[in-house]
Amino acid sequence: MGDHLSFLQTEPLYMRRYLKILFQGDFHKSIKKEAKGSMITTELFKDIGSYWRWNWIKSECEYVKSVHNRFRDSIHPGKPLPPVYDKALGSIELLLVNEVIYRGIQFGKEMPHRPGFSHKWTFKWRPDCGPVEFQLQRKASAEVEQKILYEKDPLEWCLSQMQAKPDTQTNYDHAIMFAFLENHLASSSPMEKARVDEILAQKLSDLAACHEMLVSVRLHRPQNVARDLDEVEVVENRISWKGWKVSGYITEEDMLRLGTALLDDFYKAPLPGSQKNMTWVHRSKALRRALEAFWRGARKTPKMVFEQSGFSTEEVRETLEVISCTLTREYLDFVEEEEQHMLASIEGSRVSAPGVSQKEWGSKTPTQLTAVSPKSKVKSRPLKENTSVQQINDAIPGINISNPPEKEKVYVKQRTHDLLALMYPSNAMESAKGMEWGEFVYMMSSMGFLARNVGGSAVVFENENESPEGASVGGKIIFHKPHPVSKIDPIMLHSNGKRMSKWFGWHRDLFVLKA
């Protein structure tokens with residue numbers, strides 16, 4: 001999620017792709033212009049809030065671990081837990097069970113908005129109740145009774161069951177529902193699978209991860225004593241519980257203002273285009289200015305909210321760091337280098353002598369022309385590591401890696417080399433190609449990574465053993481399998497490459513074709 005937020009701030013194409021996905025479905029088609037800006041800001045802040053909540057859970061886990069290390073010699077089978085450790089376990093259990101409830105509710109609110117289910121609802125905007133308030137009413141032709149829904153639309157029945165509270169005895173256990181969902185989608189048609197789109201798949205993965213963590217805590221023996229939410233909110237003052245008590249991060253006025261400006265100045269603005277000239281430069285700058293303005297405004301209100309909620313100065317700084325990527329030196333250097341590359345390419349095309357036959361590109365001889373081939377595409381990223389958020393280590397759930405030192409060349413086979421070239425393209429032809437998920441798994445496997453499903457669409461790639469092709473060892477990273485079509489589109493493929501550059505130091509020139 002942290003890398004996702006980073007790309008939303010620093011990669012205009014990634015943001016436009018994400019907005020396009022959010023606008024799918026009958027719900028967004030029915031939204032009036034006045035409400036669309038507020039809705040898009042709301043959706044983006046859901047992702048921001050999701051990251052913050054994950055970070056607070058991580059902080060609480062670290063606290064429990066520190067308490068366990070202090071009292072581990074005092075924990076014995078059949079004996080009560082040390083009081084401090086018992087309260088720490090009760091605190092994280094309470095946090096996780098409420099997180100499962102919260103994410104189930106949010107998933108239920110999202111379902112009617114998505115294309116696979118929006119056709120069963122009617123929507124009426126209620127501006128008198130707020131800029132993002134809609135009256136949802138289920139169509140008379142849509143099934144309501146659970147038994148009939150199970151028979152006619154088992155997918156919707158299953159997803160509706162996942163929204164239930166985990167401790168209500170009359171509800172199905174989430175583990176059973178996830179198994180039901182996996183079995184149903186495995187035997188379904190492509191059209192049925194497509195109903196669980198990228199947005200819903202991501203939220204299901206988050207819900208599955210929360211549920212798995214909750215089960216792990218509850219399997220602890222000796223078991224802790226259950227705590228009361230009201231008591232914990234009063235007694236505990238760690239950042240996780242400070243964050244839990246925050247009810248909202250942004251005002252309705254800011255949602256409307258920021259979202260409307262983002263749509264008008266960014267989403268509807270013309271793209272730079274394929275022809276590299278000064279028009280490309282001006283349009284690229286305009287897109288980045290609009291994107292930076294949105295995130296600059298997005299930081300303002302949450303900062304005041306956290307300060308008023310008792311967050312320390314350092315806690316406010318660390319919390320806002322994930323949405324401050326456009327302020328980092330890495331980002332500013334990257335934008336400047338991208339512009340310099342483009343200006344040099346434009347200038348080179350102007351001064352190249354016409355009519356001279358150039359037979360070799362990239363020669364180091366003094367007489368060689370420096371013009372760039374019209375079919376070539378200048379790299380849009382520096383070779384050095386592009387770390388967008390400083391001083392954040394392992395802040396993303398499922399990622400636990402450290403930045404490696406400079407690597408020697410890695411020799412790879414022809415197939416792996418060709419796939420890596422698509423992830424780090426150097427020309428327009430490579431940039432336009434996506435990659436099948438199976439090929440991506442093969443490529444990662446050939447570099448020493450073992451793939452393992454961890455719930456929903458999430459797949460963790462662990463690099464624990466030396467690969468036959470000489471890749472480095474250690475670390476893990478999570479990628480989400482594309483759904484419903486198991487093909488990674490070019491924008492996401494390049495984003496995956498940037499994530500590998502950030503966390504593992506990969507880049508195109510690192511890999512050499514094995515003789």
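## Contacts and overall make-up

A contact here means heavy atoms within 4.5 Å. In this predicted model, residues 24 or more positions apart account for 72% of the chain's contacts with a separation of 6 or more.

The chain holds 20 helices and 9 strands. Of its 515 residues, 48% are buried. Its accessible surface comes to about 26200 Å², and carbon and sulfur atoms contribute 54% of that area.

## Confidence

Mean pLDDT for the chain is 83, with 86% of the residues at 70 or more. Across residues 355–402 the pLDDT is below 50, yet the model gives this stretch 85 contacts beyond near neighbours in sequence.

A further stretch, residues 467–471, has pLDDT under 50. For residues 467–471 the model has 16 contacts beyond four places in sequence.

## Aromatic pairs

Phe27 and Phe123 are both buried.

Ring pairs also join several residues into a cluster, made up of Trp52, Trp56, Tyr249, Phe306 and Phe311.

## Arginines over tyrosine rings

Two arginine–tyrosine arrangements can be described. Arg238 sits over the face of Tyr63, 3.8 Å from the ring centre. For Arg415, the ring is that of Tyr442: the arginine lies over its face, with a distance of 3.8 Å to the ring centre.

## Cys325

The loop between helix 15 (313–320) and helix 16 (329–351) contains Cys325. Its relative accessibility is 0%, so Cys325 counts as buried, the cut-off being under 20% relative accessible area.

Trp295 and Cys325 are 30 residues apart along the chain, and their C-alpha atoms are separated by 9.1 Å.

How values were computed
Residues are numbered from 1 along each chain as its sequence is written. This is a predicted model: local features need pLDDT of at least 70, side-chain atom pairs count only at pLDDT 80 or more; totals for chains, interfaces and linings use all residues. Side-chain values use heavy atoms; hydrogens and water are left out. Helices (H or I, at least four residues) and strands (E, at least two) are DSSP runs, numbered from the N terminus. Buried means under 20% relative accessible area, exposed over 50%, partly exposed in between (1.4 Å probe, protein chains only). Rings of Phe, Tyr and Trp (its six-membered ring) pair if their centres lie within 6.5 Å; planes under 30 degrees apart count as stacked, over 60 as edge-to-face and the rest as tilted. A charge sits over a ring if NZ of Lys or CZ of Arg is within 6 Å of the ring centre and within 35 degrees of the ring normal. pLDDT is the predictor's confidence in each residue, from 0 to 100. Accessible areas come from the Shrake-Rupley method with a 1.4 Å probe; for residues, only the protein chains shown count as cover.
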